[in-house]
Amino acid sequence: MQDHELVEHMVRTWSPEGNTGSQARINDTVRASESLIATDALRTDEPGTSPNGISVNAVEISARDINIESANYEGGTILERQNQAAIALVIRELLLQRAAELELPATGEHVDEDALIDQLLARELAVPEPDDASCQRYYDSHRDTFRSPDLFEVSHILIAADPRDEDARAVAREQASVAIQRLAHDPERFAELAASMSHCPSKATGGSLGQIGKGQTVPEFEDVLFRMQPGEISRSPVETRYGFHVIHLRRRIDGLQLDFTVVREQIAHYLRKSVHHVALGQYLRILADRADISGIDLMGCATSQVC
């Protein structure tokens with residue numbers, strides 16, 4: 001298992017929207033602890049056997065608990081699912097032991113461990129609130145992110161041909177070229193030629209595809225379309241996996257830049273979450289570095305102190 005996959009597993013384990021097994025959640029910022037976990041963390045006696053001998057400060061995490069927790073994960077081999085489960089259980093135990101060390105209050109005989117973890121993180125992780133200046137800097141550096149997409153009102157003529165049939169492709173290219181030549185003399189005939197020549201269902205509406213945006217057609221088509229001027233007809237056949245196209249860009253509708261005031265809260269949420277990712281990653285690395293963990297490899301490299 002790769003490091004980023006382990007991190008994604010941790011997110012699913014602890015996220016409110018993710019896994020709902022015994023680990024419940026911390027929150028999705030556990031993604032920040034990517035460098036904490038070693039690849040193939042579990043130690044087993046033989047390849048393909050179940051994990052054993054895992055403990056955190058002498059508190060055993062049993063193979064039974066790992067097997068039960070592994071039922072909450074999908075995909076991969078049995079050992080990979082056990083690996084995911086063991087990591088989640090070790091992290092959970094680290095956090096619960098830290099909560100006990102701080103003598104965090106608990107009411108009643110049955111401790112709500114998830115609430116205790118939330119309380120621990122709220123106390124230990126101080127995340128500053130993004131100010132207007134920080135939000136403005138992010139907005140200025142990512143203006144394209146806060147812009148509605150460009151739209152293109154397009155018609156086309158498709159001369160279809162199997163990509164595996166070279167002869168059919170050659171014929172299709174020639175037919176598309178003929179259409180372009182005819183349109184060079186009389187562009188107003190586009191709908192007529194689309195109706196008579198195109199193999200696309202859009203022929204019923206004169207070849208019109210309506211308004212489309214980026215990602216709605218194949219890359220080869222878009223590469224030509226996005227460089228065209230409104231009113232222009234492609235000067236040569238446009239080849240795609242479907243055959244050869246004659247493209248007519250009727251109108252381009254430029255996207256609108258969203259005002260900073262509209263997206264300020266969205267930016268603040270993102271920055272707040274990003275800082276929390278980093279803080280939690282450092283926090284988990286510190287806990288792992290301080291702990292006596294056996295049976296599983298967790299790598300901690302943070303040197304900063306827990307608040």
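A residue counts as buried when its relative accessible area is under 20%. Keep that cut-off in mind for the views below, which all come from a predicted model.

**View 1. The whole chain, to get your bearings.** The protein chain has nine helices and nine strands. Of its 307 residues, 43% count as buried. Now take the contacts between residues at least 6 apart in sequence: 67% of these join residues at least 24 apart.

**View 2. Inside the largest nonpolar core.** In soluble globular proteins, nonpolar side chains tend to be buried together. Here, the largest nonpolar core has 31 residues, and the members touching the most other members are Val90, Leu95, Tyr283 and Ile293. At least two residues of this core come from each of β2 (54-56), α3 (78-101), α4 (113-124) and α9 (260-290). The top contributor is α3, which gives eleven residues.

**View 3. Helix α6 against helix α7.** Two packed helices are described by the angle between their axes and the distance between the axes. For α6 (residues 166-185) and α7 (residues 190-197), the angle is about 160° and the axes are 10 Å apart. Angles over 145 degrees count as roughly antiparallel, so that is how α6 lies relative to α7. On the α6 side, the contact is made by Gln175, Ala179, Arg182 and Leu183, while α7 brings in Phe190, Leu193 and Met197. The crossing of α6 past α7 is right-handed.

**View 4. Helix α2 across helix α3.** How do α2 and α3 lie relative to each other? The axes of α2 (residues 63-70) and α3 come within 8 Å and cross at roughly 110°. Angles of 65 to 115 degrees count as roughly perpendicular, and therefore α2 and α3 are roughly perpendicular to each other. This crossing, with α2 passing α3, is right-handed. Asp65, Ile66, Asn67, Glu69 and Ser70 of α2 make the contact with Arg81, Gln82, Ala85, Ala86 and Leu89 of α3.

Methods:
Residues are numbered from 1 along each chain as its sequence is written. This is a predicted model: local features need pLDDT of at least 70, side-chain atom pairs count only at pLDDT 80 or more; totals for chains, interfaces and linings use all residues. Side-chain values use heavy atoms; hydrogens and water are left out. A nonpolar core is a set of buried Ala, Val, Leu, Ile, Met, Phe, Trp, Tyr and Cys residues joined through side-chain atoms within 4.5 Å. Buried means under 20% relative accessible area, exposed over 50%, partly exposed in between (1.4 Å probe, protein chains only). Helices (H or I, at least four residues) and strands (E, at least two) are DSSP runs, numbered from the N terminus. Axes are lines fitted to C-alpha atoms, for helices over the stretch in contact, and angles run from 0 to 180 degrees between N-to-C directions. Angles under 35 degrees count as roughly parallel, over 145 as roughly antiparallel, 65 to 115 as roughly perpendicular and the rest as oblique. A crossing is left-handed if the near helix is turned anticlockwise from the far one by less than a right angle, and right-handed if clockwise. Contact means heavy atoms within 4.5 Å.
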